[in-house]
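Colleague: I have a new model open and would like to learn how to read it. Could you walk me through a few features?

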Amino acid sequence: MSLNPDNDVQQRVFADKCRRLHSYLLGTKALLREVGECNRTKWPVHYPLAQNPQLRRSGSMHSLDLPLSDALTPSGLRRATTAAAAVDESGVGGSEARLAEPGDLSVLRLDLRLSSRPDSDVMGSLEESSIARLFDERLAQCEGHVDKLIARVADKASKILVTGDLNAGKSTLVNALIRNEILPYDQQPCTMLFCEVLDASLNDGVEEIHAVPHIDAYDRRDRATFAVVHMADLEDVVAENNEQYQQLKIYTRDRRGSQQSLLHNGVVDVALIDSPGLNRDSLKTTQLFARQEEIDVVVFVVNAENHFTLSGQDFLLTAGNEKAHIFIVVNRFDAIRRKDRCERMILDQIRELSPLTYDERDDLVHFVSAHEQLAGASDSFARMEQRLRKFTLEQRFKSKLAPAQRYAANVLADIQFLASENVGAATRRIQEINAVLREGMPRYEALLSERADSAGRATAILDASCLEVRRHTATHLTNTTLHLPDAAAKVPYPGLLSLWTYAENVLLAIVRHLEHEVVECDRFASFTIHHARAQLDALERQRRRLDAAAADAHSPAPADAASDADADATAAAAANDNDSSVSASQLASVGSISNALDTVQLELADFVDLDFARNWAALTSISASASLSLLATRSMASNVFGLLRLSSTVSATTGRRVLVAAAALVGVGSVFYIVSDMDATVRRKLSARVALILGEEGFVDHHAERLATETTRAVRPFVWHLQHTFQRMVEAEEHRRADHLRLRRSAQDSQIYFDELRIKARDLAGAVRAVNAGSMC
Ligand SMILES: Nc1nc2c(ncn2[C@@H]2O[C@H](COP(=O)(O)OP(=O)(O)OP(=O)(O)O)[C@@H](O)[C@H]2O)c(=O)[nH]1
């Protein structure tokens, strides 16, 4: 039977609101998941530390003055002044500072109860990554809660959780509400597990008690999922559960009609859940905190003799995150002597803890005696019962949907707030990166130009050194081969009898002289190499100064100091290698001279010079009477043939005499000349032969090329080293720039993402608000 003539319409409207809210809750969950994904993989969500007043004053936290920040939580959606805020103002919140400012977070606030310091101080000491991790956990919790809300909105039944401090009279109250003393009660704490009281019609009309070990697996039609408890055993099971059962399902019958009964009311299935006292133990209390999230209506029972305990305050603050309205029953009021004073004090507490409940205190706060009601009718109890019925059945939006709407709105407000914060953070990041890139550009350009300049100069030093060594060696050794007789002339002539030894000594002296001159050329090459290295060292020092300046600009740590040292060691090793390779090459070259000349064998021709053309003057002085026709010839053989021809043209006797005399004269003169000029002949002939061999062997070109190559090998590692280190500097700078560009790209993406997120959250919040405008305040 309907409570209202328009009941069907109301039911349809309510069902439509359920459907819409259900879909918006799914949207809210999707946004939470999106933010979590972004926080984990793309951009650790910047968590505002605005709680610290000093930081806020310094302007280093929220950038509320950013262009996009005007799109912060719309005033209509901004959560009502939270109970948390009230706690801060009153100071009854203890040492755990709560958010108090309208721009602060509520649902997504990281509740760090690590110490007695305010949250902001704790946050300040945390790494950004730790905050991101904590925030991720918070998002997951929040998503879990939204899941529960989705289930609650989808569930057509209404659940009323009766909770409060130990011994406040919760069980007595439930009994009074169903007019059946089914739940055990006692002066000492006795409720050890959740007892859900349902109408027997939900169990096919059978009054029965099911003890459920695993509530998620419970199925009333499957006896394997519960144990039936006899009425006589109920007290024992409730009082001494020993964790055997998670919950009792008590199916009972309220003999009253649907107009009076809360359980079978003709509108909606209702379950009354009696719970263990709040401060029984921490496990039970935690379960209770978690349980209230699945519940539509919380009836909070306060012992009038004790007022609100700390656990009670804490519970109300937590529940207040989504339930703006909490039904409060101040029980055992009969035991209070100064009722007005008690009432005033408790209402004062409620005003601080749940302002919206306080605003509707006539409907939501009741001072009763459940005990008296059980003993007989009580007006105050009847009034309370009637208001609870109304709150649960007629104001179902307020009791069932409004908490979900409020929670979703708070989540969406938090997302908008965080999105704006992160748009600001991303904008600041982009500006910082732009500044760094701008400042770094001249340095980068200078580095590029310095690298090009140094590379050009280093290559020029190398080329000039090689050219110099090649030219010097070619010139020097050419002169040396032209003046070999001068070297031979230094060998003392021991006389005709030691002529052979003299020739050997001359040959040796020529070889020694050549060796000496080659060594001279090597020395010149070494000098040139050292000179080139000194010039390259100067360039390297200049590069290091540049590197140190760059390192100063980027970080206090010296850039690539270790790797530079390695590179220096490599260059030094290469240089040493090349030093030794010069010496080895030098020895090899000297050896090669000896070997080439080893093949020079002394010959008779080295001692006799028959070239009369060149020796004509000497011969004429010795044999002035010789026939001029003989002088026209140029070789010994020609002389002989000339003599033979001459002898045939003169008369026999005279001619023969003259010829014999002339021949004798020439012969004696020639022999005398040959003998007297034999040392010069040896020097000349051997020098000429050696020069000829050296010419054939390409001696000058070989050494010019060899030393030029050696010079290149010795100098080039320094050039390479310089180029390499410059290259590394440029690459390091380019990596830094690439990193900055990547970070800027990421910040730009985040800026766009969070701006879109803010708009999505704002639109969704508007839709959530529109489900039942006015129900959220
Ligand atoms: N004077 C008076 N006593 C009451 C009232 N309601 C309950 N009691 C007594 O208070 C004691 C505790 O009542 P319970 O209903 O067991 O309280 P509870 O909050 O369920 O206790 P736990 O579940 O153990 O935390 C019992 O002795 C009740 O008889 C009341 O309105 N007035």
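Colleague: What share of the residues in the protein chain is buried?

Modeller: Buried residues are 37% of the 777 in the protein chain. A residue is buried if 20 or more other C-beta atoms lie within 10 Å of its own, exposed if 12 or fewer, and partly exposed in between, with C-beta atoms placed from the backbone. This is a predicted model, where local features need pLDDT of at least 70 and side-chain atom pairs count only at pLDDT 80 or more, while totals for chains, interfaces and linings use all residues. Residues are numbered from 1 along each chain as its sequence is written.

Colleague: Which residues touch the most other members of the largest nonpolar core?

Modeller: In soluble globular proteins, nonpolar side chains tend to be buried together. A nonpolar core here is a set of buried Ala, Val, Leu, Ile, Met, Phe, Trp, Tyr and Cys residues joined through C-beta atoms within 7 Å. The largest has 61 residues, and V299, F327 and I328 touch the most other members. Strand β7 (residues 297–303) gives the largest share of this core, 6 residues; strands (E, at least two residues) and helices (H or I, at least four) are DSSP runs, numbered from the N terminus. A second, separate core holds 45 residues, among them Y24, V35, V146 and V153.

Colleague: And F327, what is that residue in contact with, leaving aside neighbours within four places in sequence?

Modeller: Contact is counted when two C-beta atoms, placed from the backbone, lie within 7 Å. F327 then meets V297, V298, V299 and F300, along with L364, L388 and F391.

Colleague: L388 and F391 take me to helix α14. Which residues are buried there?

Modeller: An α-helix has 3.6 residues a turn, so residues three or four places apart point the same way. In α14 the buried residues are F381, M384, L388, R389, F391 and T392. They lie on the same side of α14 because they cover an arc of only 165° around the axis, taken from the directions from the helix axis to the C-beta atoms. D379 and Q386 are exposed on the other side.
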